[in-house]
Each structure stands twice: as structure tokens, then as C-alpha cells.
Amino acid sequence: MSGTGAWRRRGQWVSDSVVYGSVVQVTNVTGDVSVHAPSGERPLYRVHDFPRARPTISVKRARNQPARLLQDRYTVVDFIGRHTELQDLAAWRDSSDPVSVLLLHGSGGQGKTRLAAQVAQASRDLGWQALQARHSSDPDVGPAQSPGGADEPANRAGVLMLVDYAERWPTSDLLELCADATRQAGRARVLLIARPAGVWWQTLSNDLDHMDIETAELALHALADDPDISPAELFATARDRFADVLDIPRVGELEPPPEAAENPEFRQVLAVHMAALATVDAYYRRRQGEEGVTRPALGTPAEASAYLLTRERSYWEKLHANGRVHVTADALGQVAYTAALTGAQPYADGLEAVTRVSIASTEPGDRILKDHAVPYPPPATIGDVATVLEPLYPDRLAEDFLALSVPGHTVRGYAPDPWSVDVPRRLLALLSPASPDAATSAWPRTALTALISAANRWPHVATRQLVPLLTKHPQLAVQAGGAALAELADLPGLDVQVLKAIEPHLPEGRHTDLDPGSAVVAYHLAKHRLTHTQAPLEHASVRDRLASRLHYAGLHQEAVATALDALRNWRYLAAANPRAHEPDLAMALHNLGAYLSKVGQREEALAATLEAVTILQRLVAVDSDTYEPPLASSLTNLGAHLAETGQQEEALTRTREAVDLYQRLITANPAVYAPEVISALANLGALQSKLGQLEEALVPAREAVTICRQLAEANPAAYEPDLAMTLNHLGGSLSRINRLEEALSPTQESADIYRRLAEANPTAYEPDLAMTLTNVAICLSQIGQQEEALAPAREALAIRRQLAEASPAAHEPKLATALSNLAGCLAGMELWEDALASAQEAADLYRQLVEASPEVYNPDFAMALRNLSGILWRARGKAGLPAALESAVESVEIFRGLARAMPHPYAGHLREAILAQADVLDALDRTEEATATRDLLLLAPEFVSGGQPSYRHRRPDKD
């Protein structure tokens, strides 16, 4: 198949392609390509070669529109300085990590894109493939690239993907791109370029950590701070290059504005370049004898912008005067203002935009768009659709144009256009989230981001436009995305009433894209409310809401600290008025227990949840209709926390109570409470299995799967996570009664679901994916498919190791489980040395855990020691036998203590440990001791239950 429109599955990045939700559309490719229909998947991003050569600009065009020389695509001014940053980026690129993501961030105008381009070119010279990704909603900037996807070097050093304006991408789409980085052959590097690096990056980097992707960040400071370059040298370099392109000789005597040395705003690269360009252009015009041209006032970067924008207007007037455009300069300015908000758009959307804003022209919309394309020709397409409304570049100049067009600025000599004040409302106010236009229009996110960025430097944009718009139409704020929402909330002096108006429109639960911004909004509102009232009730409620937002954003430690503050308020209120506030206290304790469990504080989580249950039980005695639902939920969590702390029988009792309570509630209202019982049923089945009630465990496990499957068919987004959880529990229950082939099917289905969920939300679902991958490996190993078991076991271990590095208390226990299970897989393939390394690490880790919580981890530690014993003497032969015997004896002693307290299920494990010890004694030629050890089983008939060989016995993973 040849030409455009070919499809292939996601994998290797290919230049000149569009990556969809599950496939890639490849263009400009000849030859055979496997074809797969996209099945309605939405496009995520487009991939192109990073430009190998920069376009040139004619002297005539540069003199007409000098601001064009500031565009990154021309790279008029040679790159200088930044030696430290280049070294840091080279070290990041050349590290041994298979995949790594780095955020390069700094304020607008610092030269981030130029630095990234320098890194791309240097990397290409070293054999790396350099690519750039554009989100599907954004047009490409710069000339069309020649086809390059078919010429990818076979022996490349790696692939470097550049993503500019990363903060403007939906978080889920950025995660998809980074997940694609793991599918590349060889090393892959993703360089994200963004202005802010706040909560949005913290949340994203947490998600990437859970995907086992290394992350780093590099803050780009003012180039004027670079010891290798002075502001005067930066000005002179830019002055000379601009003069060359403009064909202006003898500019060496032109000096920077005297104010530039003192004004900190001129410490930015772009500000210095703008001042140099304005100085050179004004010098040329004076030499040409243009009337009224004097040395421009350039005391601030805003004045440099005003000069260059005035030059743009002069060109509009010239075009209108010579008949090249029909619309006036005023109308062209209004179209340019609209384009600065919307960004480039497909024709139909561009026509809709200029119609909405009522351009001051009698010309039809089609003519207006064509006239605007004369000074601003669109170099891009979105897919196969030509674009209109090409905006001003660079972004900082466009933002200054937005601000200078609005009345209220203090820059002398630049007249605003009162028409501009109402444009954001005309563009956005009618696009409510529920309207059909909002679903299809691409400009709300772009326009709000531009306004917020402009308002960050121009306060009157906030007071004249943003505040009135969002106060009256607060639902628009959620369309800006998480990073822009966070920047909005951080605006200096922003009226808190705006945030109060936005708050009800934020999603109640988790939202991958908005969670970072929602957390910042909640933080500022909490700070305001806590300083404006001393009422304990208000303090408690505010902190509760903030803790929830922090929890959703992945800031779990901060959520715990905030929830503890809220709890102190609720205790005070409940002590003063139990009738009114004990229910609130119970809910605060319930939530705190969940937050504490997330950070690995299991004992504290148990204590908080137990207290919540105690309060709710007392309340149920007074009002069962109101308090039985929250009691059932807290009993479910209590059972889970008891199990986490090793109190299995008590956990089973509490979980049965939760299930019984839910079943009564379901009888009265199945639609409401059927979803609620899922976790309780899953936990009940898991606990029954762990306590040896293997056949009984199948009943709640199957019931939970049946309920979840019905719910997931009706609402996959809401209930697929529950379906995955219950399928995993069912697989574990089947595995424990040796129905191994039957267990593989639900366990594999669970892993498939969790993999999809983890790609979209790693923070939430990577631990669950690791859990099910471990269990898939166990199933495969136990039915004899040893080689097939190795891949999921290793993947699970990689995820667990990354999670444990980020949060040891929360994830080290599961890391130990993953190590034990990988050791079993390797032993099953008789890869004894590799198995020994994993088994030894697992045993060492369990020993550390036992020191802190023996009642929780002694069973797993004893099993790890038994497995280590079996592997040691097989890996090391005679030399390993003494250490093998030591591990076997320790395992027997631990299991003996467990079996005395709870014969079932630990008697069977004790029997296997005794037999393993006897085997080692036989291998040491201590036959009489081996016989005496086995005779212990004859003296203790309760140990007659069977078991599997020590190096094959592994426990299913459960979170």
C-alpha cells in the first residue's frame, strides 16, 4: 500500500505520522504497510522530524515585519552561552536509562525552545534520531517537513522526542506519549518544554515514576546570569545578526537602552533580542529619512513589544493602501487579536471565530480570513485540513499584543482597542461544557491559556477580562486544563471570588487532567478561608476538602498532614456537640485511614478506621437508615487494614459484617448499593482463601465478578477498575484450590484491564497492574509454562521496585512478594543463580519488615526462607548446604509458632518446611538427623496436609 492514509499499530515512532489512541496513521510512506482500522479512536499527537535546516526570510519581508525575525523557526541569532545547561542535558541524554523524561522549564522568553533545538541538533550529530511531537489540537509551526519516516537509521544511538508547550497537553495524552517512549528500540528520551513546573509536573512525574520511567527537570534561569555571557554581549550579538538579515550596515555604534542594565525584565533572552531588533529597525528607518521616527523608548520589554507591534500595524496600513487586502488596518488588528486567542484553526472554526467577535468590517468572513493570511500565511495543516488565523509569534509578543489591545495598560504611544474587552466573552461564554460547540471547538483551552499567561504579566488583563468572564461563566475554567488552572489560581492579586465561582464546577472525584489545577485552587481557597474565620467547623470542612484534592493529585503526604489538621478540629467539635458532629468525625477518621494506608502507615490507618467504625456503630443504634451505609463502607476498610496488619481472623469477621450489612441494604435499594458491595465481597473471598476456607472463597469471588461485569458493561469508565479487581481475586481463589488453568483466564483478563487503566492513570493503577502480573506469572508457572511466566514476573518486579524507591513504607512489602515470585519462576526454569539472587533479596527485605511488624510479615518471611533454602543448595551444591540448612531451620521455627496459634492454614506450611529441612540434612549426609526430623510429622498428625515443592510454592499477590 502506498500514499497517505496507511495505518499501523503503535510502537516505533515514525516521522510524518499521527498517533491515535491505539494506532498510528502514517503519511508520505511508500512500500508495504500493515493496515488496521482506527475504530473511531481519537488522534493524540503528530510526529515529525525535528527540522534539519531552518528557512530563510527575504530582506523585504523582514523590513516589512521585523518581528518575524524573533520566531524560533528562523533562528536568526546564533546560539550562545548555556554551557552548563547543555552539559546537563547531554548527561541526561547519554545516561544508561532505557527511557527518561526531562522537563525543561522557565518563564516565557528565556530561550527554552532555542536550547532544546540546540540539543536536538547536537544529538542528531551523535547519531540520535530527533523528533518533535505536536498535540493533535495544535497546528505545526514552521515549514512542512520532507518525508522522513521511511529513512529511520537502523543503528541510531537512540531517539529524542521534543514536546513544546507540554503544560498545554491533557495529562492523559502526555502519559500516552511517554508510554510510547517505552516501546522504542533502544534508548528513548522525551524532552518536555514548558513554562511552569508546579503541581501539574509533580503529578505527572509521580505518574511516570509509577510507569518505571525516570524523570528529571532543569530550570532555565536568565541567560544574563550565565557567567559565560554578559547582557551587553547578548545585545551586540543579536544586533549584528538582525542587521545582517535586514541588510543594514554600520550598526556597531548602537548601544542597548540604558535602562536595560538596571531593569531585571531585560535578563531574559527574548527581551534583549526584542530591544536589539527595535533599536536596529528604528536606526534603519531614521537613516531612510522616515518622517517622525526617533530613537524608540525601550526602557521596558513592554515598550519594545509596543514598538514592534506598531511596525506590524504599519504593514497592515501599507497592505490596505496598496490594495493587497480589502479590510482596514483596524480590522486586521482585530483579526490578529482573535488569532492570538484561538491559535490556528481549520477553516470552518476560523470562520465561526471571526463571526462571533464581530470584526469591524463590512467584508464577509471568508474575505476577512483571506486578508489576514496575507501578512500571516498559515504554514500548517491539522491532519489534511488547511488552517487559518495564524497567530503572532513568539508567544510572548502575542501575549503583549493581547494586553496592549485592552484598555488599562500604561505603555505610552500604544492606543488600545475598546472592542477587545468583550472578545473573550464572545468567543467563549456561549461554549458551555454541555454545548455541542464546546465538544468540537479547539479554541477554549488555547484562548484561556493565552489570557492567563498574559494576565500573569499584565494585571489589567485579569481585572478587565479574566475576572469578569470567569465570575459570570466559571464553568469555562475547567476547559483550560490542569496546568493553566493552576497558573490562574496562582495569579498575583486574583480576586478569590473567581476561585469560589470555579470551585463547584471542578470534578467531584479524580480527573487525570484537572487534578493538579484543582489542588492549587483548593489550596488558595483554603488559605483564604482559614485566615478569614476562626470557626472550628469551617476550619474542619475546609481542610477536609483540601485533603481530598491533594489526595487526588497524588500528593499523599500533604493529604495526610491536612487531614490530621482537620481531624483535630472535628474532635474539638464532636467533644462540644457529639450529636451534631460525631458523624463528621467518623467520616474524617474513615478518610484519614485511607490516606494513611497510601503512605504505608498501616497501624495508624487501622487505628483511625477502627475509631470510625466504633462511632458509626453507636450512631446506627440511634438512626440505622442514615448511618448503616457509611458503617458498611468503614467496616470494609477496617477489614482491609486488619488484614494489612496481620490480623486475618478479625479481618474476616469485620468483612463478613460489611457484606451482611450491604446485602440488607441491597434488598431495599439495589441500584445504589450493588456497586458498594463489590470491595467487601472481593475482600471476603481473599480473606477466606488466606485462612484456608478455599471452596467457600469462590462464592463471594464469583458474586463480585458477576455484579462488576454487569456494571462495567453499562459504565466501563466507572466500573472497569472494580471488574479488574474482582477478576484478580477470583483467579487467586481458583489457584488456591489447584484449578490452575481455570484461574489463568480471569487473572489474565484482570491484567489486560489494569494495563489499559495504567496507561491512562499510572499513579492509580500501576500497583494493581504489578499485582495481577505477579499472579499471571504464578498461574503460568504452575501449569508448566515456565518461560511464558518469566516476562510478567519481571515486569511486575520492575514496577514494584520503582514504587518502592518512591515510597518504601508503602511498597517494600509488595516488592518482596514480587522478588519471591520471580525467584520461583527462575527456579522452575532451573536458572538457579538468577533465582538465588532474587530469593536472597526477598528474604533480606522480609527480615527488615519483620523487625518492624513480626505479626504481619512472619508468614511471608518463613516462606521466603523455605524457598531460599531449596534454591541455595541447588544453586551452590555442597557449598550452599550450610546456609540452606540455616534458612530451613529458621523457617521451621517461625512456622511452628504460627501453627501453634493458628493450625489452619499454617500446619501445612510447617509440614513442608520440616520436609525441606530434612532434605537438606540428607544432602549433608546427616541421615539420622534427617530421619528424626521427618519423624516429627508422625508425632504431630495435624501436620499431614500436603504441599508443593519449596521452590515452586508462591503466594498470589494481593493489594
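This is a short tour of the model, stop by stop, with something to select at each one.

**The whole chain**

Start zoomed out, and keep in mind that this is a predicted model. The chain carries 38 helices and twelve strands. Of its 959 residues, 58% are buried. Take the contacts with a separation of 6 or more: 71% of them are between residues 24 or more positions apart. The exposed surface comes to about 38,200 Å², and carbon and sulfur atoms supply 52% of that area.

Now colour by pLDDT. The mean for the chain is 85, and 89% of the residues reach 70 or more. Select residues 1-10 next: pLDDT is below 50 there, although this stretch has 51 contacts in the model beyond near neighbours in sequence. Then pick residues 432-440, where pLDDT also stays under 50 and the model has twelve contacts beyond four places in sequence. Where pLDDT is low, the predicted coordinates should not be read in detail.

**The nonpolar cores**

Select Leu69, Phe242, Leu470, Leu488 and Ile502. In the largest nonpolar core, which has 261 residues, these five touch the most other members. Helix H7, residues 269-287, gives the most to this core, with twelve residues. In soluble globular proteins, nonpolar side chains tend to be buried together.

Centre on leucine 470 and show its neighbours. Leaving aside residues up to four places away in sequence, leucine 470 touches Leu448, Leu476, Ala477, Leu488, Val498, Ala501 and Ile502. Then jump to Leu44, Tyr45, Val47 and Ala166, which are among the members of a second, separate core of 32 residues.

**Serine 518**

Next, click on serine 518, which sits in helix H19, residues 515-531. Is serine 518 buried or exposed? Its relative accessible area is 1%, so serine 518 is buried. Around serine 518 you'll find Leu485, Leu506, Pro507 and Arg549, again not counting residues up to four places away in sequence.

**Aromatic rings**

Time to show the rings of Phe, Tyr and Trp. With pairs counted when ring centres lie within 6.5 Å, the count comes to six aromatic pairs. Tyrosine 337 belongs to helix H9 (329-342), while tryptophan 419 lies in the loop between helix H12 (395-405) and helix H13 (423-428), so the pair ties together parts 82 residues apart in sequence. Both tyrosine 337 and tryptophan 419 are buried.

For another geometry, go to tyrosine 754 and tyrosine 765. Here the ring centres are 6.5 Å apart and the planes are at 35°, so the pair is tilted. Tyrosine 754 is in helix H30 (740-760) and tyrosine 765 in helix H31 (762-782), eleven residues apart. With the cut-off for buried at under 20%, tyrosine 754 at 3% relative accessible area is buried, and tyrosine 765 counts as buried at 19%.

**Along helix H30**

What span should you expect from its 21 residues? At 1.5 Å a residue they should span 30 Å, and the end C-alpha atoms are 31 Å apart, which agrees. Now highlight the buried residues of H30, including Leu740, Ala743, Leu744, Thr747, Ile753, Tyr754, Leu757 and Ala758. An α-helix has 3.6 residues a turn, so residues three or four places apart point the same way. To see what covers the buried residues of H30, show helix H29 (716-736) and H31, which are included in that cover.

Finish with the backbone. In the loop between strand E12 (385-388) and H12, find proline 394. Leucine 389 isn't a glycine, yet its phi is positive, about 60°. Its relative accessibility is 2%, so leucine 389 counts as buried.

The last stop is aspartate 925, in the loop between helix H37 (903-923) and helix H38 (927-939). Aspartate 925 also has a positive phi, near 65°, in a residue other than glycine. Its relative accessibility is 61%, so aspartate 925 counts as exposed.

Technical notes:
Residues numbered from 1 in each chain as written. Predicted model: local features only at pLDDT ≥ 70, side-chain atom pairs only at ≥ 80, totals over all residues. Heavy atoms only, no water. Phe/Tyr/Trp six-rings, centres within 6.5 Å; stacked < 30°, edge-to-face > 60°. Helix = DSSP H or I, 4+ residues; strand = E, 2+ residues; numbered from the N terminus. Buried < 20%, exposed > 50% of the residue type's maximum accessible area, 1.4 Å probe, protein only. Core = buried A, V, L, I, M, F, W, Y, C linked by side-chain atoms within 4.5 Å. Contact = heavy atoms within 4.5 Å. Expected span 1.5 Å × (residues − 1). pLDDT = per-residue confidence, 0-100. Areas by Shrake-Rupley, 256 points an atom, 1.4 Å probe, with all protein chains shown as cover.
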